[in-house]
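Here is a short report on one protein model. Look at the sequence and the structure first, then read on.

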Amino acid sequence: MDLKKDGEKIYPLGYEPQEKPDVVDDNIRNNLLDFILKSGPSEVVDTDLFAVMAKRRSTRKFLDKPVETTKVDKIIAAADTAPTAGNFQGFEIFYIKSPEKKKLLVKACNKQPYVDAPVVLIFCKNPSRVKFDFPDYILKKFAIQDATLAAGYSQLAAQALGLSSIWIGMFDEQKVMDLIETDLIPSSVLCIGYPEQTKFPKPRRNLKDLVHVTW
Ligand SMILES: Cc1cc2nc3c(=O)[nH]c(=O)nc-3n(C[C@H](O)[C@H](O)[C@H](O)COP(=O)(O)O)c2cc1C
């Protein structure tokens, strides 16, 4: 079956992956995701997960260099591999492309100038997707975890692709929602690009202080 036949919507208007599968295999649950994840090139710099984690460092200064579409595809696809409560995928990603909107987003993010980055993804909670018969507050709790994990997966994927990022949690929720015209509450803004400089990772507390062994 041709993917475009039957008007099947496999990607949103304005976001078209660089490469798409020619044929659909009905045994594969999400053909496009599968295709993007398996697609080679795009200079995957690091395939060692632990090296990726150990080297990641937030960046607030990005080069003007645009990020290749294949890399954006992989970063978005990585988010979609994250576990979610009940596999209901209680989150949405808003991919901000308009330079004007990025400027407004800087304002909505407490005037943090680096939010105007080459790639800007806003992760929103969508508790209405979480179809458990649980109290509302649990659904909201699941949705924030879904959105946060997804953003974390994207952040690591960006690092693996030789990019850097800054996680933005300081923003005016309502201003961001107005900007992207949604009633979904954002959980984080992930700004991605090529770093001006590669820096050493920041120190962390000792593991013995972090881990509380409980028998
Ligand atoms: C929940 C959360 C919120 C954050 N919010 C901001 C933010 O609004 N602005 C910013 O510049 N950095 C923000 N950061 C990035 C942290 O400052 C950064 O991750 C931290 O200093 C550790 O540095 P590292 O990422 O290089 O290891 C946030 C990170 C997290 C996880």
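This is a predicted model: local features need pLDDT of at least 70, side-chain atom pairs count only at pLDDT 80 or more; totals for chains, interfaces and linings use all residues.

Residues are numbered from 1 along each chain as its sequence is written.

**Helix packing**

Two packed helices are described by the angle between their axes and the distance between the axes. Helices here are DSSP runs (H or I, at least four residues) and strands are runs of E (at least two), numbered from the N terminus. Axes are lines fitted to C-alpha atoms, for helices over the stretch in contact, with angles from 0 to 180 degrees between N-to-C directions.

| Helix pair | Axes come within | Crossing angle |
|---|---|---|
| α1 (residues 31–38) and α3 (residues 69–79) | 9 Å | roughly 125° |
| α3 and α5 (residues 136–160) | 7 Å | roughly 145° |

α3 meets both α1 and α5. On one side, L33, I36 and L37 in α1 meet D73, K74 and A77 in α3. Contact means that C-beta atoms, placed from the backbone, lie within 7 Å. The residues of this α1 and α3 contact are 4 nonpolar, no polar and 2 charged. Nonpolar means Ala, Val, Leu, Ile, Met, Phe, Trp, Tyr, Cys and Pro; charged means Asp, Glu, Lys and Arg; the others, Gly among them, are polar.

In the other pair, K74, I75, A78 and A79 of α3 meet A150, A151, Y153, S154, A157 and A158 of α5. That contact has 8 nonpolar, 1 polar and 1 charged residues.

**Ligand shell**

Which residues surround the ligand? They are R57, S58, R60, Q112, I166, W167, I168, G169, M170, P201 and K202. By class, the shell has 5 nonpolar, 3 polar and 3 charged residues.

**Loop residues**

N110 lies in the loop between α4 (99–108) and β2 (119–125). K111 is found in the loop between α4 and β2 too. Most residues other than glycine have a negative phi. N110 has a positive phi near 60°, and K111 has one of about 60°.

N110 is exposed, with 12, and K111 is exposed, with 8. I185 sits between α6 (173–180) and β4 (186–193). I185 touches C124, K125, E173 and M177, leaving out residues up to four places away in sequence.

Terms used. Two residues are in contact if their C-beta atoms, placed from the backbone, lie within 7 Å. A residue is near a molecule or strand if its C-beta atom, placed from the backbone, lies within 6 Å of it. A residue is buried if 20 or more other C-beta atoms lie within 10 Å of its own, exposed if 12 or fewer, and partly exposed in between; C-beta atoms are placed from the backbone.
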